[in-house]
Amino acid sequence: MMGSASLPPGRGGADERRLLKLFRALEAADRETLLAFAAFLAAREPSAPAAARAPEPLARPAQESVVAAIRRLSQTYPMLERGPLLGEASSLMSAHLLQGRAAADVIDELEALFARYYAAYRDTFSDDRP
């Protein structure tokens with residue numbers, strides 16, 4: 001029996017329960033076909049949004065730590081790819097922790113960094129792209 005068929009009953013939504021019931025009713029070869037099709041659908045690239053998502057600004061508290069600022073800015077800009085952005089943000093955080101740079105100065109630079117990444121993100125939606 002497939003690992004998926006051993007899911008506990010009653011968990012998930014109605015569609016998931018219906019799919020599991022149908023899956024269990026299939027012969028082994030048909031189960032493999034259904035799994036292959038499901039894998040194909042899951043691997044498809046999600047459609048790109050038609051327009052850039054707007055930031056969800058959160059107010060900057062008067063006293064904020066660098067870590068809290070990174071969290072706040074990540075919530076403000078949830079649409080941004082995290083990899084390179086957080087690499088640069090961690091460099092700024094290290095400058096604060098290891099080199100003693102003032103938190104307010106580092107947070108100002110973090111806000112500029114996130115705004116720069118958002119501008120690049122927004123530019124991907126411009127009408128000029130190939």
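What covers the buried residues of H5? The cover includes H3 and H4. Before we walk through that picture, please note that this is a predicted model, in which local features need pLDDT of at least 70 and side-chain atom pairs count only at pLDDT 80 or more, while totals for chains, interfaces and linings use all residues. Residues are numbered from 1 along each chain as its sequence is written, and side-chain values use heavy atoms, with hydrogens and water left out.

Let us start with the helix itself. Helices here are DSSP runs of H or I with at least four residues, strands are runs of E with at least two, and both are numbered from the N terminus. H5 has 21 residues, and at 1.5 Å a residue it should span 30 Å; its end C-alpha atoms are 30 Å apart, which agrees. The expected span is 1.5 Å times one less than the number of residues.

Now look at which way its side chains face. Val106, Ile107, Leu110, Leu113, Phe114, Tyr118 and Tyr121 of H5 are buried; buried means under 20% relative accessible area, exposed means over 50%, and partly exposed lies in between, using a 1.4 Å probe and protein chains only. These residues cover an arc of only 135 degrees around the axis, which puts them on the same side of H5. The arc is taken from the directions from the helix axis to the C-beta atoms. An α-helix has 3.6 residues a turn, so residues three or four places apart point the same way.

What lies on the inside? The largest nonpolar core has 18 residues, and Tyr77, Leu80 and Leu110 are those with the most contacts inside it. Such a core is a set of buried Ala, Val, Leu, Ile, Met, Phe, Trp, Tyr and Cys residues joined through side-chain atoms within 4.5 Å. H3, helix H4 (82-99) and H5 each supply at least two residues of this core, and H5 gives the largest share, seven residues. Leaving aside residues up to four places away in sequence, Leu80 touches Leu85, Phe114, Tyr117, Tyr118 and Tyr121, where contact means heavy atoms within 4.5 Å.

Some of these names return among the aromatic rings. The whole structure holds four aromatic pairs. Rings of Phe, Tyr and Trp (its six-membered ring) pair if their centres lie within 6.5 Å; planes under 30 degrees apart count as stacked, over 60 as edge-to-face and the rest as tilted. The rings of Tyr118 and Tyr121 have centres 5.7 Å apart and planes at 40 degrees, so this pair is tilted. Tyr118 and Tyr121 are three residues apart in helix H5, separated by about one helical turn. Together, Tyr77, Phe114, Tyr118, Tyr121 and Phe125 form one aromatic cluster.

Finally, turn to the charged side chains. There are seven salt bridges in the structure, each a side-chain nitrogen of Lys or Arg within 4 Å of a carboxyl oxygen of Asp or Glu. One of them joins Glu111 and Arg60, at 3.3 Å from N to O. This pair links distant parts of the chain, 51 residues apart: Glu111 sits in helix H5 (residues 103-123), and Arg60 in the loop between helix H2 (28-43) and helix H3 (66-76). Glu111 is partly exposed at 24% relative accessibility, and Arg60 is partly exposed at 33%. Glu64 and Arg72 also meet in a salt bridge, at 2.8 Å, and both are buried. Through shared partners, salt bridges join Arg60, Glu64, Arg72, Asp108 and Glu111 into one network.
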